[in-house]
Protein chains: 2
Amino acid sequence: MTDHGYTSGGPPPGIAGDTSSFPADAEYARSLAQAQGRASMSTLTAEGYPFGSVVSYVCTPLGEPVVCISAMAEHTINALRDSRASVLIAEPVPPGADPLASARLTLVGDLVRYEQVPDELRAAFLDQHPSARYYVDYTDFSWWRLVPTAVRFVGGFGHMSWVGAPQYTDAQPDPIGPSAEGICHHMNDDHRAANLMYAQVLAGLSDATDATMVAVDRYGFVLDVQTPAGGRQARIAFSEPVSTGEQVRAAVVALLADCRSRQATPGSTHSSS
Amino acid sequence: MTDHGYTSGGPPPGIAGDTSSFPADAEYARSLAQAQGRASMSTLTAEGYPFGSVVSYVCTPLGEPVVCISAMAEHTINALRDSRASVLIAEPVPPGADPLASARLTLVGDLVRYEQVPDELRAAFLDQHPSARYYVDYTDFSWWRLVPTAVRFVGGFGHMSWVGAPQYTDAQPDPIGPSAEGICHHMNDDHRAANLMYAQVLAGLSDATDATMVAVDRYGFVLDVQTPAGGRQARIAFSEPVSTGEQVRAAVVALLADCRSRQATPGSTHSSS
């Protein structure tokens, strides 16, 4: 797909660094669905209009959203008549940020009612949505899951794709996801000079003046970089995939050592390594 | 409509105070649509599935959401094939709050493409969504508005209703809306004792120990009240509708004087006035 929006004078400068290290869209989508808990569900009215409503959800081990909904609510009335539905899950947008730059996915498929919701899903739902304890056992509430047939993913960096349902359900949510925000805060608060060095040395943005870590996953991280020519983004890859916060710590320390060794070798750049 | 969720031992205690002073749902819905700028739009895929996506919008003077969307996006492809759509607008949910307690509305209707978007709507859109300046003039973007035929409103206080489209478009957004959050902060930071007195004297919650203003509109305000028996909400009415922040200030001062005069008159309560 084409990036078609972010400058009026031609395409924006590309992402610097190792863009091959971004997760696959199927994995991005699974990770995003796993990380959130609130979504917009679309169902069909009696007149065939698509009807959007707010739901709380948890994911099954296959990434299918599970909801617990009231017989009095429109989406339930609609789902009982026609199972066709979608669930839109969007990354929260920080105040002042461009909402079109945030990641989101739409799971398109059919709502299937549970005769009996598995205990572990009920427990996971209550764990993520404590206020649901007031209503989950009401007799007018029922449990459903959306079985996706197609997944539309729109990434936070100007890309979008259709992901096949098998690719989506087979993908594994990023194990770093739950700690990503904390890692970014830590790197930005305490290791800003390291961020800048990654941008200058590993992404080749040698005139960078500041760099903020805005995302991290098992394969690497993304920096928002300030340069005299304007803002850029840079992708830095870990030498191998990580799966714990401790491994992230070791990986960023190793990258810093790599930067210093390159700086000590005149003429050495990332592309020549 | 029935409240069916918020205790496991029977219906929750009702809202104390003057509940007749709440705005009509049509006005709530118009105010909410006016106050937000991001929504979930649902359109129909070629296979007739409802498809949810993220949009930025502004409202026409009739409260119809206006969007500027790319020909490459699924919702645009869908809308060109079938105009049936809905736009879901939800109040932001504070961290830790129950999302099902927040207000939201679904505008169900048809997407109509503008041949030429009115200048004032274009300007309003760019004013509310500055980052849209990068794409609004791209030739693959087009302007559309949703003309509602039905409006589903779910309030933040356990109520829901269908609002007729004429009632929705005829209603006026609350003039206090843009300053409501600031007013609540000011009352909670600087006039907490007054909040408590309103709850004790005007809403009859004489054993209240604390009260936080959580909403204000042209007709009055809502308090979250702490009592020895648990949390309650209270609705306090202004003596007449207000339309500016200065009038709110005068109205809350007048209510405080009212409280003090009642306290000086043993046996006087709100219900006896």
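**Reading the terms in a two-chain model**

Author: In helix H6(A) of this predicted model, the buried residues are Ala194(A), Asn195(A), Leu196(A), Met197(A), Tyr198(A), Ala199(A), Val201(A) and Leu202(A).

Reader: What covers the buried residues of H6(A)?

Author: The cover includes two helices of chain A, H5 (177-190) and H7 (245-263). It also includes strand S10 (210-217), strand S11 (220-227) and strand S12 (230-237) of chain A. Just after H6(A) comes Gly204(A), which takes a positive phi of about 75°.

Reader: How do you know whether Glu64(A) is buried or exposed?

Author: The relative accessibility of Glu64(A) is 8%. The limit for a buried residue is under 20%, and therefore Glu64(A) counts as buried. Glu64(A) is placed in the loop between strand S4 (58-59) and strand S5 (65-70) of chain A. Apart from neighbours within four places in sequence, Glu64(A) is in contact with Val58(A), Cys59(A), Arg145(A), Leu146(A), Val147(A) and Pro148(A).

Reader: What makes Ile77(A) partly exposed?

Author: Its relative accessible area is 34%. Buried requires under 20% and exposed requires over 50%, so a value of 34% falls in between and Ile77(A) is partly exposed. Ile77(A) belongs to helix H2 (residues 74-81) of chain A. Residues up to four places away in sequence being left out, Ile77(A) touches Ala71(A) and Met72(A). From Ile77(A) to Leu111(A) there are 34 residues in sequence, and 12 Å in space from C-alpha to C-alpha.

Reader: How do you know that S2(A) and strand S3 of chain A pair, and in which sense?

Author: S2(A) and S3 (residues 50-56) of chain A share 7 bridges in the antiparallel sense. At least two bridges are needed for strands to pair, so 7 bridges meet the condition. Strand S2 (residues 38-44) of chain A is mostly covered, with 6 of its 7 residues buried.

Reader: Why is the sheet with the order S1-S12-S11-S10 in chain B called open?

Author: This sheet has 4 strands with mixed pairing. Strand S1 (16-17) and strand S10 (210-217) of chain B stand at the edges with a single partner strand each, so one side of each is left without a neighbour in the sheet. S1(B) pairs with strand S12 (residues 230-237) of chain B in the parallel sense, over 2 bridges. There, Gly17(B) stands opposite Arg235(B) in S12(B).

Reader: Through what surface do the copies meet?

Author: The interface residues of chain B are, to 100%, also interface residues in chain A, so the copies meet through the same surface. In this interface, 47 residues of chain B are in contact with 48 residues of chain A. The chains bury about 4000 Å² between them, with 62% of it on carbon and sulfur atoms.

Reader: Why is the link of Glu74(A) with Arg152(B) called a salt bridge?

Author: The closest N and O atoms of Glu74(A) and Arg152(B) are 3.7 Å apart. The limit is 4 Å, so the pair qualifies as a salt bridge. The count between chain B and chain A is 2 salt bridges. Across the interface, 16 residue pairs are in polar contact. Elements giving two or more residues to the side of chain B that touches chain A include strand S7 (104-113) and strand S8 (141-154) of chain B. S3(B) gives the most to that side, with 6 residues.

Note on methods
Residues numbered from 1 in each chain as written. Chains lettered and ligands numbered in written order. Predicted model: local features only at pLDDT ≥ 70, side-chain atom pairs only at ≥ 80, totals over all residues. Heavy atoms only, no water. Buried < 20%, exposed > 50% of the residue type's maximum accessible area, 1.4 Å probe, protein only. Contact = heavy atoms within 4.5 Å. Buried area = accessible area lost by both parts, 1.4 Å probe. Salt bridge = Lys/Arg side-chain N within 4 Å of Asp/Glu carboxyl O. Polar contact = N/O pair within 3.5 Å; in protein donor to acceptor, adjacent residues only side chain to side chain.
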